[in-house]
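Please keep the sequence and the model in view while reading.

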Amino acid sequence: MSFSVTEATTRQKWMAGTLVILYAVISLIPLVWILMTGLKTPPDSISYPPKVMFEPSLEGYVNLFTTRTRVSKETLESLPPPANFAEEIVRNRDMVIAGPSKFGQRFMNSVIIGFGSTFLSVFLGTLAAYAFSRFRIPLADDLLFFILSTRMMPPIAVAIPIFLMYRNIGLSDTHLGMILLYTAVNISLAVWLLKGFIDEIPREYEEAALIDGYTRFQAFYKVVLPQAATGIASTAIFCLIFAWNEYAFAVLLTSGTAQTAPPFIPTIIGVGGLDWPAVAAGATLFLIPVMIFTIMLRKHLLRGITFGAVRK
Amino acid sequence: MAQIIIKNLRKDFGNFTAVKESSFTIEDGEFFMLLGPSGCGKTTTLRMIAGLELPTSGEIYLDGEEISQRPPSQRDIAFVFQMFALYPHLNVRKNIQYPLVSQGMKRSEIKAKVAEVSRILGIEDILNRPVGGLSGGDRQRVALGRAIVRDPKAFMMDEPLGALDAEFRERMSEELRALHDRMNATTVYVTHDQLEAMQMGDKIVVMNNAVVEQFGTPQDIYDMPATMFVADFIGSPSMNFLEFNGAVAEGTSSVSLNGQEVSVPVQRQGVTGNLVFGIRPEHISFSDDGDYRGEILATEYLGTTQIVTINTANGDLKARINADLPATVGDKVGLSFNPKTVTLFDADTGQALLSDLNKEVLAHG
């Protein structure tokens, strides 16, 4: 449904369009640069002046996913011809592939922890928000304020206590530990956002369902949940973006089995010189899941972000 | 279908009392109106009957069974909401069949039921449309469809016409009444519109400030109001109140208004003090030889009748007289009162005084 107070003139449309494009270009330049760097060879990536035109290479991606060892010319010549393009690229640098790198595993950690904590935050947040919105809870306002107050200090301020606690109870460097931590940080946002959405859903819908013979819980998931889809989707996106990008806790609390991609990517720099293309390749791949998730939920997002302002 | 008995029903929200010990009986098949200004507790009463609120105390009997503490799903009562409350994510057909699905009815049966209901309501052609784009009247029909499709014991309607525009409201109120007469279903209908209540209801309960003021047929309530509130709330323009100080003896049939004797129904209650003489505008007429006189302040022309505002020694009053009678602002006219429906009130309590006219109505009100 579209509204217009006055129809915009062609000139206004052009100006608005130009401004949007200009803004988009400015915001996209860093992304494009990362994308380009990921496709450069290491010498190209550090050449001065920076190269805008270059011959694309997958060396960054190969280096991202492999570990390599330098070998002598003689050994190199005695090897059978390279089996695939990756081996060919590596051998051009007098090296052979020693094995896969840990990037794939770290990336999966990010997926498990990011989506796991998002699911948990949204799940608990929806139930809590529904309760706050619909039932008379003693001290409801104080409880809501308490929940919000957990956001008032930077999470990193409690990093050391959490680090010590986690070590004592064995949650350090575990998937569960990171999921719980990110859920704890996100839950306040989820409760507050979702309460706003659920407040907007008229009670009559549930009451109609109760009258129609459904239980309170059936009314909740058959009537309230579909109505809250927009809110749930946008809350999920916010939670995922936080959990996905989080760096400080990840550096501090994970080092091995549960390490996520953000603390892992910078460690690539140390392996065999400043390997910017591999870092950029890692960053590029890292962007993709959030992008897909956001695109999948985008039709809910516009209404979600402007919630309250736009009504059907 | 069923009889509903409300006994000493009360509802508190914290310190606020929404409904004070209320009792009345809704007979089987009645179209029953709960009338009152907003905030008087009528909707809360309705919601308690349906089970959307649990009463603080008191009993509700549906067909002889006490149901006041049961969840709505175990009461077999349908509810039509003011804002329709159609499920926005479902289309018309799915909205109507929703209560049947919860009962686990067979698909073929559901289909037949929905077809029958949509034929009665004339909404067969919109069954597959989403509810979002429907007009107010169609939404209301769908909401009704969802209510009647399950053949409940009783219908609760919370200002079902309140969200419609005036033109549609007229038509829907006729449709509603016709639907009720056809199904003969016990219906409890909440409204703040006294005209709607008079027009549609078999019986009316008038509520104010959490209290039942009066309960009876529209005509009884109009002619024999039990309190000044009811007299004022019902009728447009409402009943005139002329204040006077005096004494009414049991058995008397006249009172003294500004020195003039005015006849009233035979009184059955002796009272002295601040009293109020209540008379409907249509029971006032002009008579040149009337001793009780007043000055015309304003006239409103309404086509067949006109409303004339007259200043008297006991306060302003409005008379409804034929439009062709001469009435000029500033004229002094003599008035005569038809004693047929005159009611005297105690000004301090607002209660009507017993007379031969209203003694039977007030006895159970």
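A residue is called buried if 20 or more other C-beta atoms lie within 10 Å of its own, exposed if 12 or fewer do, and partly exposed in between, with C-beta atoms placed from the backbone. By this count, buried residues form 34% of the 312 residues of chain A. The model is a predicted one, in which local features need pLDDT of at least 70 and side-chain atom pairs count only at pLDDT 80 or more, while totals for chains, interfaces and linings use all residues. Residues are numbered from 1 along each chain as its sequence is written, and chains are lettered from A and ligands numbered from 1 in the order in which they are written.

Chain A contains 16 helices and two strands; helices (H or I, at least four residues) and strands (E, at least two) are DSSP runs numbered from the N terminus. The C-alpha trace of chain A spans about 85 × 65 × 40 Å along its principal axes. Its radius of gyration is 25 Å, whereas a compact globule of 312 residues would have one near 20 Å. That radius is taken over C-alpha atoms, and the globule rule is 2.2 Å times the number of residues to the power 0.38. Among the contacts in chain A with a separation of 6 or more, 75% join residues 24 or more positions apart. Two residues are in contact if their C-beta atoms, placed from the backbone, lie within 7 Å.

Two loops of chain A deserve attention. In the loop between α2 (42–45) and α3 (59–65) of chain A lies Pro49(A), and the peptide bond from Tyr48(A) to Pro49(A) is cis, with omega near -5 degrees. The loop between α6 (103–134) and α7 (140–149) of chain A holds Leu139(A). Phi of Leu139(A) is positive, near 60 degrees, in a residue other than glycine. Leu139(A) is exposed, with 9 other C-beta atoms within 10 Å.

How do the chains meet? Chain B places 17 residues in contact with 15 residues of chain A. On the side of chain B that touches chain A, β6 (77–80) and α2 (92–102) of chain B are the elements that give two or more residues, and α2(B) supplies the largest share, three residues.

Between β6 and α2 of chain B, the loop includes Phe84(B), which has a positive phi of about 70 degrees although it is not a glycine. Phe84(B) is buried, with 25 other C-beta atoms within 10 Å.
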